Amino acid sequence: MAACAIRRGLLSTASKYNQHKCTHRILSAIDFNSGLDPKRPQSLCSSCGSSSFQQTRFMSSRNRPEGKILEAVGVFEALKQHGKYETGQLFLHSVFGYRGIVLFPWHARLYDRDVSPATTDSKPDSTGHGSKEVKGKMHTYYQVLIDTRDCPHISQRSQTEAVTFLANHDDSRALYAIPGLDYVSHEDILPYNSTEQVPIQHELFERFLMFNPSRNPPFTARDTLRAWQEKNHPWLELSDVHRETTENIRVTVIPFYMGMREAQNSHVYWWRYCIRLENLGNEVVQLRERHWRIFSLSGTLETVRGRGVVGKEPVLSREQPAFQYSSHVSLQAPSGHMWGTFCFERTDGSHFDVRIPPFSLESNKYDKAPPTGYPL
């Protein structure tokens with residue numbers, strides 16, 4: 001694996017996470033290739049060896065790129081077990097390690113096929129992908145800005161242009177992309193605070209947020225952010241999240257409806273879907289192939305096979321457990337659904353299939369106007 005190009009961290013004194021009298025210097029260094037590992041508590045205090053904050057990672061000096069040093073970017077805050085983070089909350093992504101700031105929350109319905117049978121209904125599954133229909137559970141996701149300084153260091157593990165729209169002209173394949181936007185699950189937020197008035201570098205930061213030291217968090221939404229959210233609500237909102245685990249590989253899918261275009265006297269409906277692959281085990285595996293089944297309400301069933309995803313065959317290991325990407329699909333019908341498998345290879349050369357949870361492709365009942373945004 002390529003060496004980490006830049007690593008950054010959080011530095012504080014007198015940690016509130018410990019009750020003993022020792023004064024801690026909490027130093028969490030982010031490896032932008034492997035991210036934070038919440039399953040590995042680290043001993044942070046050089047005096048007493050106590051673990052002040054479990055979701056942290058160290059950078060050893062022998063792995064530090066020449067000429068690079070740790071930078072203090074803020075102070076960790078307590079995780080929110082209940083409720084939600086507010087607009088303006090600074091955070092580190094617990095998996096991909098980038099710095100970001102919350103724009104606004106979304107309440108999505110999570111369909112988790114890993115839940116116990118007690119939370120499912122025994123109904124036929126039209127995809128043939130199982131005999132249980134999973135009940136959804138409400139879960140909080142956030143629309144966030146990614147610090148542009150961190151984008152080059154996560155590009156091999158997570159796309160930084162995850163939000164795309166149909167462009168406002170006749171070419172239905174043209175896309176309008178907003179770089180540096182992401183959707184982050186509540187449990188992936190590691191909150192921190194900073195005294196900097198512009199702690200996140202992004203072209204939209206100062207257009208959307210203002211510094212207000214009397215508030216907590218001290219960054220509040222400008223009218224431009226509220227107007228942008230209201231106008232683009234149909235294009236940004238995520239309503240359903242689908243998740244399933246096979247042999248310690250968890251697949252999460254979030255579909256988004258993008259709108260309809262007329263082409264050759266017919267209607268073409270477009271969706272994008274974001275997929276995250278996570279290795280929850282210790283075995284090193286590599287994605288080799290994808291196999292999609294795409295069913296349209298018009299009655300067609302399409303099969304798509306190919307090598308890797310978005311031109312890559314990512315390796316998932318304990319050090320680099322996750323990969324995230326987005327793609328697009330079109331149908332000549334207002335609804336349909338998709339499902340399939342990813343083929344993974346183990347280090348011994350054996351292969352196994354990982355199920356992609358079935359998910360619906362649904363269009364809204366009304367045709368939306370093109371999105372309103374800022375030229376980037």
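Student: What makes β22 and β23 a hairpin, and which residue in the turn has a positive phi?

Tutor: β22 and β23 form the hairpin with 4 residues between them, and G349 in that turn has a positive phi of about 95 degrees. Keep in mind that this is a predicted model.

Student: How do you know that β22 and β23 pair, and which way do they run?

Tutor: Pairing takes at least two bridges. Here 10 bridges join β22 (residues 335–346) to β23 (residues 351–362), and the strands run antiparallel. Within that pairing, F342 stands opposite V354 in β23.

Student: Why is the pair of Y273 and F359 called tilted?

Tutor: Ring planes under 30 degrees apart count as stacked and over 60 as edge-to-face, so whatever is left is tilted. The structure holds 14 aromatic pairs. In the one made by Y273 and F359, the planes are 45 degrees apart, which is tilted, with 6.1 Å centre to centre. Y273 sits in strand β17 (residues 266–279) and F359 in strand β23, 86 residues apart, and the pair links these distant parts of the chain.

Student: Why do Y273 and F359 count as buried?

Tutor: The cut-off for buried is under 20% relative accessible area. Y273 comes in at 6%, so Y273 is buried. F359, at 1%, is buried as well.

Student: And why is the pair of W292 and F359 called edge-to-face?

Tutor: Their planes are at 90 degrees, and the ring centres lie 6.1 Å apart, so the pair is edge-to-face. W292 belongs to strand β18 (residues 285–296) and F359 to β23, so this pair ties together parts 67 residues apart in sequence. W292 has 3% relative accessibility, so W292 counts as buried.

Student: Which residues do the ring pairs link into a cluster?

Tutor: Y273, W292, F342 and F359.

Student: What makes R272 count as a charge over the ring of F256?

Tutor: The distance part asks for CZ of Arg within 6 Å of the ring centre. The charged end of R272 sits over the F256 ring, 4.1 Å from its centre.

Student: How do you know that D147 and R149 form a salt bridge?

Tutor: A salt bridge needs the nitrogen and the carboxyl oxygen within 4 Å. The side chains of D147 and R149 meet at 2.6 Å, N to O. D147 is at 0% relative accessibility, so D147 counts as buried, whereas R149 has 25% and is therefore partly exposed. Salt bridges with shared partners join R99, D147, R149 and D150 into one network.

Student: What makes E187 and R243 a salt bridge?

Tutor: Set the distance against that 4 Å cut-off: the closest N and O atoms of E187 and R243 are 3.9 Å apart, and the two form a salt bridge. This pair links distant parts of the chain, with E187 in the loop between β11 and β12 and R243 in strand β15 (residues 240–246), 56 residues apart. E187 has a relative accessible area of 39%, so E187 is partly exposed. R243, at 11%, counts as buried.

Student: What about R276 and E278: buried or exposed?

Tutor: R276 and E278 are buried. Their side chains meet in a salt bridge at 3.0 Å, N to O. The count comes to 17 salt bridges.

Student: Where is the kink in helix α3?

Tutor: The kink lies at E230, shortly before the proline P234, and is about 45 degrees. Helix α3 covers residues 223–236, and the buried residues of α3 are L225, W228, N232, W235 and L236.

Conventions
Residues are numbered from 1 along each chain as its sequence is written. This is a predicted model: local features need pLDDT of at least 70, side-chain atom pairs count only at pLDDT 80 or more; totals for chains, interfaces and linings use all residues. Side-chain values use heavy atoms; hydrogens and water are left out. Helices (H or I, at least four residues) and strands (E, at least two) are DSSP runs, numbered from the N terminus. The bend at a residue is the angle between axes fitted to the seven residues ending there and the seven starting there. Buried means under 20% relative accessible area, exposed over 50%, partly exposed in between (1.4 Å probe, protein chains only). Rings of Phe, Tyr and Trp (its six-membered ring) pair if their centres lie within 6.5 Å; planes under 30 degrees apart count as stacked, over 60 as edge-to-face and the rest as tilted. A charge sits over a ring if NZ of Lys or CZ of Arg is within 6 Å of the ring centre and within 35 degrees of the ring normal.
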